[in-house]
Amino acid sequence: MAKNNNTKKAKESNRGSSTNTNSLLARFGKHLVAYFVLIAATMLYLKPVAFDGMSLQQHDNVQAVYQQKEINDYQEKQGSVIRWTNHMFGGMPTAMMRSNNYNYAGTYVGKAITVFTQKSELRTLFLIMICGYIGLVLVGVNWVLSLCLSIMLGFFTANTLYIAAGHTGKMDVLAITPVIVGAFIYAYRKNMLLGTTFFTIGISYSIMRNHVQMTYYTYFALGIIGLLFLIDAIKKQQIPHFGKFALSMLVGTLLGIASNLGSLWAIYEYGQASTRGKSELTVKKEAPVADPRNKAEKPNASSGLPYDYVFGLSMEKMEVASLMFPNFHGGTQGKSFYSDPKSETYAAFNNPAIQQELIAAARKNGIKDPNQFMNQLINQYTRQYRGSQTMSGGPIYYGVVTCLLLFLALLLLRGAVKWAFISTFAFFILLAWGKHFAAFNDLMYYYFPLYSKFRDTKMTLLVAQPIVILAIGLGLMKLVRFNAEEYANTWSAKVLPKIKQTVSKEGYVLLAGLIGLGICVLAYLYLSMGAISAPTDAGLAMISPKLVAALEADRAALAKADVLRAIGFILVTTGVLYAYTKEKLSIEIAGIVVALIAVIDLGMINSDYLNKNSYTAKNYQVASKEQVLQKSDRDILKDKSIYKVVDYSRGAPSQTAATSGIHKSLGGYSAAKPLLYQEFWNYYQLDNGNVALKQHSNLMNMMNVKYIIVSPDRFMDNPTALGNVWFVQNIQQVKNADAELAALDDLNPTLNAVVQEKYADYVKGLETDYQAGDKISLKSYHPDTMVYQSETAKDRFAVFSEMYYPKGWNVYIDGEKVAPFIKTNYILRGLKIPAGKHEIKMIYEPKSVFLGAKIGLIANCMILLLFLGAIYSIRVKKDDKIAKN
C-alpha cells in the first residue's frame, strides 16, 4: 500500500514537473519568438546593413572617433582609458568622450539584449524595439500587441533621422525609456520589488550612455506620472503604499547614479568648466544670431547656455501638427521646391517676367551675373521647411496611425494613468514650443534647475515617443477588456449617442476615427484659409512678391497632400479596428494588420530620409581610421615633438573634429566646449584665419601653435611658437577675468604673463630679469602625466602651454605635492618654480574618477543583489502558489 502511494506521489510529482516545464515554455517561449521577430524586422528595415555589408554614414559617430584619437591610441598601448586628451580644444578631460567607470549592470544587460545585432545601426534600432516590447509587457499589454507596437515605435521617423546621423548615445537613452517608465508604472501597480529592479537597471543604463539631456527629460515624465500617482493614492487612502513606492524609486535612482559615478561625477565637474557652466566674465556672452522676428534679445541665464542657443531649435506652435502630418511645416531644409519641375516655384523662377525682376534686383545689388543671383535666391528662400528653427533635417513624425491609436487610447484610459499621460504629453509640447511660448519657457530657462544646460527643447517629443506607445498599449488593453459600466458618466458616453453609437467597443473606435478625421478637416481648412508663410519671405517679397506667392502655393499643396493621405490611413485603420469590435478579426490579427498599415505609413515618409544614398561601403569606425591625410598633414606629422596645430583647411577650427583625429588640435567638435577656450576663441575671432594670423600671432605663440594649416597642400611653420613651457620676467596683475582676457591683445607672452589680482600672494617676488643658465623643458609626455625638468638660480614663474583646468590636476616637485598651478593668460597654466634643479610632474588624477569608480563598483554589486532578490521573491511566490494548489 505504501509502495502504491509512493508511486502515485512520484507520478503526480512528474506530472507537476512536466506541467511546470510546459508552463515555463508557454510563458517565455512567446517572448523568445518576439525577440527574433524584432531582430528580423530590424534587419529587413536596414537590409543594406544587415545583408549587403553596407553602413549608414553616421556623421556624428565619425566625429566622435576623431575626438577619441588619442584615447584610442593610448588604450591600445596601455590597455586603459586616459583621463585627459590634448587632441581636442588644446586639452580637455575625456569624461565627455569615454568613461573610466565600468558599469557592469548597464554594459552586460545591453550586450546580452543586443547580442545578435552588434552593428551600430542594427543594435540601436533593435534596442529601441526590444525595450519598447519590454516596457509594454511590464504595463500588462498582450505580447502580440506589444510586438506590433514596438515595431511601430522603431519606425518613427525621428529614430531613422537620428540613427542615420550617428546620434547613438541619444538614441540608446531614448531606447531604454519605455523600460524605465514601464517599470515605474509596474512598481506602483503590481510588483514593487521587480518593478524597482527593472527601473534601477534602466536608469543605470540610461545614465551610462551619457546623454544627460534625454535622461533629464525622462525624469520630467516620471515626475508628472508620480505626481498623478500621489493624487490617486490620496484619493484611495493608499499613502503608505505610495510612500514605499516613492522610496523604492528614489533608491533605484540613487543606485543608477552611483553605478555611473565614476563618469557622472567627472562630467558634472567638466560641466561647470564648460560652456554650460558659469562664466567669470561680466560682459554679455556671445550667442548665435537671434531670430529676426524677435522684438528684443533676451538676457542669458547666469549659468548655462545662451538663450538663443537653447531655443534656436524651438518648434512653432502649429509645427506640432508635424507629429501627424509630416510636411505640415515642410519637413526638411534639405529639399527645395525648385528641384521639382512641376512646382509653382520652378515655374515662377522660369517665368520671363519674373526673370526680368530678378535681373533688375541683381543690378541693384551690384551683382553682374543674374544666374548667380537667382541661384542665391533659390538656395536661400525655396527650402521646403518653413519654420523658424535654425536647422531642420526632417520632422518628428509619429505617424497618422499612431496618432489615431493615441486618440482611441486616451478615450478609453481611466484614472491616474490617463491623466498622467495627458499631462506628460501637454508638458512636453509646451517645452518643445520653447521661445514661441516664452511666458512658460522663460521661467524654465531662468529658474528651473539644469534646464539652461541643454539646447533643442523639442527633444522632449523624442522622449514622448515611447510614452505614446505605452499609452496606446494600455488603451488597447482597455478595448480588449471593455467594460461599459466604467464609462457611464464620462463625456464620451454623452457624445456617442450624438453620432448614433452606444457605449461600446465599436462606438469608441468610430469616435476616435471621427476625431482623427475632424483634425484632418481642420488642418485642411487652416491650409486653405491663409498664406502659408515662412520667416524669410519678407526678404524675398522685396524682390518679387510673385515668387513668394508661388512658394506659398507649393507649401500649401505639400501639406494638403499629407492631410489627404492621412484621411486614407485613418479610414483604413478605423475599418480594421471596427472589424475587430464586430468579432470579424481577433485582437492579435487586428494588431498585426494595424501595425503593417502604420509601417507602410511611416515607411513612405522615412524613404525620403533613408534611401540608397544614405549608405556607404565603410562603417564609421573604418571610415574614421582610414581618414584621408592631406599633404600638409603628412608633412607636419614628420615632426615628432609636442606641439599644437590650428587647421583652417577643413573649415572653422572650433566646429570640426577631423583635425583632432590627426593632430593635437586647437579646434574640435562638441556641444559642450571648454568655457575658457570658447570665450577666448570667440573674443579674438580665431575661427577667422585672416584675423588670427595677421592680428593675433602672439596668441598662437603662447599656445605653442607650431603649424597652421591653410589648405590641403599648404601649411605655415611658426618658428616663434614658445614651446611647452618657458619662464617670464614680468607678471601683470589685473582686476578680473574681463581685464585678463582683454590684456592678451597686445601681450608679449615671451616676457610677460597676465594673472588676476587674486593670485597676488602666489606670484609675489617672482618677477625677475633673465638669468643665464635658467631653463625649463618638457622631459616626457603622457596626456595624464606631464614631466618637466627645471634649473634656475632664483624662484621663477613658468607658463605652460597646456590648457588650464581647475579640477583634478596635481603638481609634484621632486615627488612632493605642492600648490596647484594658477590660471594664467586666461587659458594657460602658471606655476612657481623654486630655485635649483627639479623635476616637475603634473598628473591628472581626479577624485571624481577614482573615488567615483569605486563607489560605482559597490553600487553595481547592490544592483546585482537587488536583481537576485527579485528572482528569489518570484520563486518563493511561485512555490507558495504551487503549495496552495
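Which residues are linked with E280 in a network of salt bridges? I found E740, K758 and K823 in that network with E280. I took a salt bridge as a side-chain nitrogen of Lys or Arg within 4 Å of a carboxyl oxygen of Asp or Glu. The structure holds 23 salt bridges.

This is a predicted model, where local features need pLDDT of at least 70, side-chain atom pairs count only at pLDDT 80 or more, and totals for chains, interfaces and linings use all residues. Residues are numbered from 1 along each chain as its sequence is written, and side-chain values use heavy atoms, without hydrogens and water.

Next I looked up D537. Its side chain meets that of R555 in a salt bridge, 2.8 Å from N to O. The pair links distant parts of the chain, 18 residues apart: D537 lies in helix α24 (residues 537-541) and R555 in helix α25 (residues 545-581). Helices (H or I, at least four residues) and strands (E, at least two) are DSSP runs, numbered from the N terminus. D537 is buried at 7% relative accessibility, and R555 is buried at 3%. Buried means under 20% relative accessible area, exposed over 50%, partly exposed in between (1.4 Å probe, protein chains only).

Then I checked D635, which is partly exposed at 24%. D635 forms a salt bridge with K631, with the closest N and O atoms 3.0 Å apart. D635 also bridges to K638, at 3.6 Å between the closest N and O atoms. K638 is exposed, at 64%.

Last, I looked at strand β10 (residues 752-756). Four of its five residues are buried, so β10 is largely enclosed by the rest of the structure.
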